[in-house]
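The sequence and the model come first.

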Amino acid sequence: MRVNYDSLNEEWRILAEAVLARAKELGVELELKFGAGDTLSVKVRKGELDELRQSAPFGVSLRVFKGQRSVSASSSHVDERSVLELLARAADNVTLVDEDAANGLPDSDLFFSGTASLEVFDPDVAAVTVDKAIAMATAAEKAAFAVDPRITNSSGASVGVNTGATAIYNSLGLAAFQTRSSVSLSVSPVAEESDGEKYSDGWWHSARFAADLATPAEVGRIAGERCVALIGAEKVKTGKFPVVFAPETAKDLVSLLFSCVSGTAIYKKSTFLTDSEGKAVASDLVTIVDDPLRRRGLGTDPFDAEGVATSRQVLVDKGTLKFYPCGTFSARRLGRKSTGHSGGGNSVTSHNLYLEAGTTPPEEMLAGVQEGLFVTAFIGFSFNQATGDFSRGVRGFWVKDGKLGLPVQETTVSGNLGQMFKDVVAVGNDLAFRFGTDSPTVMIKEMMVSGA
Amino acid sequence: MRDRSLLQSHFGLAAEDLGKAVRATLARGADYGDLFLEDAVTTSLVMDDGKLRNVTFSEDSGVGIRAVKGDTQAYGYTQLFEPAELLRVADQVAAVSRSGEARSAVIAAAPQQLRTDLYSGLNASVTLAASAKVSLLERADAAARAYSPLIQRVDVSLAEEVRVIGLLTSYDKRFVDIQPMLRFNVTVVAEKNGRKQQGYASGGGRVGLEYFDGRSPEALAQEASRIAVEMLDARPAPAGEQVVVLAPGDSGVLLHEAVGHGLEADFNRKGTSKYAGRIGKPVASKLCTVVDEGLFPRSRGSIAVDDEGTPAGRNVLIAEGTLVSYMHDRISARHYGIESTGNGRRQSYRFPPMPRMTNTYMLPGTATPEDVIASTKKGIYCKAFSGGQVNISNGDFVFQVVESYLIEEGKLTAPLKDVVIIGNGPDALGKVSMVGNDLVQSDGRWTCGKGSQQVPVGVGISTIKVDAITVGGTDQ
């Protein structure tokens with residue numbers, strides 16, 4: 001099924017008018033959001049189709065405000081009668097909640113208006129057929145198997161093809177509509193050694209535009225190479241060593257830092273970085289930017305989840321935290337204005353967050369390590385935001401005399417996120433916009449590595 | 001409540017139209033097809049530092065339609081409960097078989113009888129006015145603040161869901177089940193001399209507000225507060241291989257990660273699991289008998305029936321250290337030529353089912369918990385966890401500890417900072433040297449992620465001792 005987003009835009013506009021009018025009659029302010037999409041995913045395993053999924057979901061969500069009180073609701077029923085019922089029920093409940101001065105629609109001077117041409121919708125994505133998707137997945141998996149005869153098995157290769165649209169309206173006149181597309185490709189091969197031990201890793205890529213997607217041959221090859229490189233991995237000795245994080249792991253550190261300075265964490269005092277605005281939170285090699293307006297970015301958004309216009313902002317400038325990213329609720333709790341980072345409700349989210357490229361080629365970084373760890377994958381998600389304590393399982397490679405050596409598994413790296421960012425001693429020149437939140441290779445002076 | 005017309009009356013679709021759609025999934029030669037109908041209603045209340053900040057309700061309903069040919073499946077769903085829409089999706093998934101004659105379906109005339117003793121609160125409080133529940137949140141908020149003047153912030157939430165699900169298959173199965181779920185969360189922040197610490201506690205299950213007859217909001221708030229306050233003084237945990245003693249209950253997350261996922265049959269039929277081909281072989285110490293059982297009344301991981309119409313059961317996975325069974329859904333069971341074990345579960349109508357755990361636990365042993373601790377000269381004692389993860393193929397798993405203590409000369413001493421513990425499935429379970437007699441099942445809280453699907457699960461374990469496992473501390 002092909003969704004016609006132009007006619008959907010018109011349908012939603014008409015429906016929104018009716019619902020906003022009813023909200024006015026009920027004496028409440030309203031934020032009304034619609035979403036719809038069209039999605040296809042295929043998984044091919046050992047050359048055969050394993051799973052094919054198609055759907056065209058839609059939904060509505062709303063927030064009702066009365067004075068300083070707020071109630072929210074969502075539904076998969078998007079016909080006018082159902083949405084009006086949802087509104088009535090929310091309006092009925094709104095007197096139950098307590099007043100909170102932070103509640104309310106965003107300031108209207110911050111609303112997104114006009115149209116943005118950020119190239120986040122590619123009509124060619126909608127034209128990817130089931131057969132084409134299967135062919136891409138098949139080619140990618142084949143490329144992984146071709147890397148080495150020890151790749152004997154596979155969890156599969158998947159292709160996802162998505163288009164979608166969202167719209168936000170509110171009682172203060174906001175009307176914003178955006179279509180998006182994305183296509184993704186992932187491959188998960190399994191290598192097996194003669195002793196029967198198995199090693200799995202994978203690689204993936206996604207893009208807004210079909211033409212920007214890495215080729216199946218490239219994604220498959222990288223997946224295969226990563227997998228084979230792990231053969232023979234073991235735990236390493238315990239001790240304090242320099243740790244180099246590859247971009248695919250360094251990006252997670254950037255995300256964690258963002259969550260620790262988000263307006264929600266700050267007003268809840270649930271972070272070790274309260275009172276950090278304007279202060280040094282990292283080494284002066286670290287500059288972190290959020291650029292929602294980058295063309296074709298995976299996190300590109302001309303407006304946030306409340307319809308507030310977004311802009312490119314430097315979050316950390318040469319180590320100094322410049323501001324707390326906020327949506328309307330967290331901003332008001334902190335006595336300030338939204339920075340365009342609402343993730344819906346009181347949550348805060350980044351858009352295209354990245355750590356700026358440094359000057360050190362990653363090879364040079366590794367060449368400077370006498371003995372240490374190069375981390376290419378995390379296992380687990382543990383992190384204590386209140387204390388900054390960081391302790392995670394890793395895979396990667398032992399570095400000896402500046403050279404990548406034995407593969408490593410069943411090993412952890414631990415430290416404190418605040419100290420880790422202050423201990424950044426090199427930032428790679430290898431930044432690529434690949435994941436949505438991105439980082440170049442990053443080297444940390446010393447962390448506790450725990451293995452045998 | 002489970003009369004034969006409920007599938008029809010609840011979802012507003014005539015039995016004939018549902019049957020037609022099931023038949024349509026086989027029109028091109030698929031060998032199995034099913035329709036999964038769902039109508040879920042959720043309510044949640046959020047108290048933010050003493051104020052009822054938000055009430056949320058949501059409804060989500062749709063029909064998932066599947067066609068299976070051998071090990072291959074096609075899946076689609078719609079949110080429109082209209083006969084023509086069902087036929088459109090059925091026709092789309094039927095293409096899983098590209099050539100072949102239409103197969104005939106056997107449509108069940110009557111629904112399966114399901115056990116009714118696993119859920120409580122079927123006329124759940126989800127529909128009750130929010131005002132009736134506010135006092136539960138207020139009580140938790142007050143209890144946390146009363147626990148210690150060091151408690152600086154309190155967040156409390158209550159979420160309830162009632163999920164009506166129905167299934168009609170091409171192979172003579174039909175059911176309707178109504179599954180309730182309640183979850184109560186308390187998060188606190190304690191502060192002392194500029195140091196902060198977070199504490200979290202959660203409870204619930206397939207139960208309504210009567211949950212609180214057994215465990216009070218105050219008890220949960222005190223548990224969260226106790227963790228935050230005790231851990232304020234935590235010192236760095238040791239690094240490297242250590243003796244680890246696990247407290248009863250939530251420590252079962254070890255089993256979930258170390259063996260649970262690896263024994264899901266999809267990974268084994270595909271040969272990607274470390275446990276593939278190991279049925280009948282030793283994979284743990286002889287002290288370990290591990291069971292997956294969906295039958296504990298009110299438990300978060302329990303189900304009367306899985307999402308493919310197989311009643312949940314009690315499945316011994318590891319018997320005295322020997323691997324005896326995987327957990328199956330319909331596709332893997334057919335692959336192995338056996339019956340499904342009732343583990344075919346899905347997050348919602350938006351997803352096809354796959355092998356998933358229910359309540360996974362270890363049978364109790366004979367040691368007293370005091371003896372397990374007293375026998376440990378130096379080690380760490382792990383009590384509360386935030387989750388875990390596993391690499392199916394190499395068997396590496398982690399579990400994330402948020403409350404732990406040093407054991408010195410057989411006694412618990414200093415609290416330790418958050419730490420991740422990493423091990424390898426069969427190796428770690430092979431080093432289990434003592435199993436206590438104090439089995440505890442988890443109370444609510446655990447959600448398991450696999451692929452992109454989340455399902456509620458339970459875990460259970462007694463006090464156990466693992467002789468050597470790598471602790472990701474910072475103290476050498």
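Chain B is divided into domain 1 (6-231) and domain 2 (239-472), where domain bounds come from an automatic or database domain assignment. This is a predicted model, in which local features need pLDDT of at least 70 and side-chain atom pairs count only at pLDDT 80 or more, while totals for chains, interfaces and linings use all residues. Residues are numbered from 1 along each chain as its sequence is written, and chains are lettered from A and ligands numbered from 1 in the order in which they are written.

In chain B, the C-alpha centres of domain 1 and domain 2 lie 23 Å apart. The contact between them takes 36 residues from domain 1 of chain B and 23 residues from domain 2 of chain B; two residues are in contact if their C-beta atoms, placed from the backbone, lie within 7 Å. On the domain 1 side, the elements of chain B that give two or more residues include the strands β1 (32-48), β4 (151-169) and β5 (174-192), as well as the helix α6 (217-231). Helices (H or I, at least four residues) and strands (E, at least two) are DSSP runs, numbered from the N terminus. The largest share of this side, 6 residues, comes from β2(B).

Chain A is assigned domain 1 (5-229) and domain 2 (233-452). The C-alpha centres of these two domains of chain A are separated by 24 Å. Here 27 residues of domain 1 of chain A are in contact with 22 residues of domain 2 of chain A. At least two residues of the domain 1 side are supplied by each of β5 (151-170), β6 (175-192) and β8 (203-207) of chain A.

Chain A as a whole has 10 helices and 19 strands. Its C-alpha trace spans about 75 × 55 × 35 Å along the principal axes. Of the contacts in chain A with a separation of 6 or more, 72% are between residues 24 or more positions apart.
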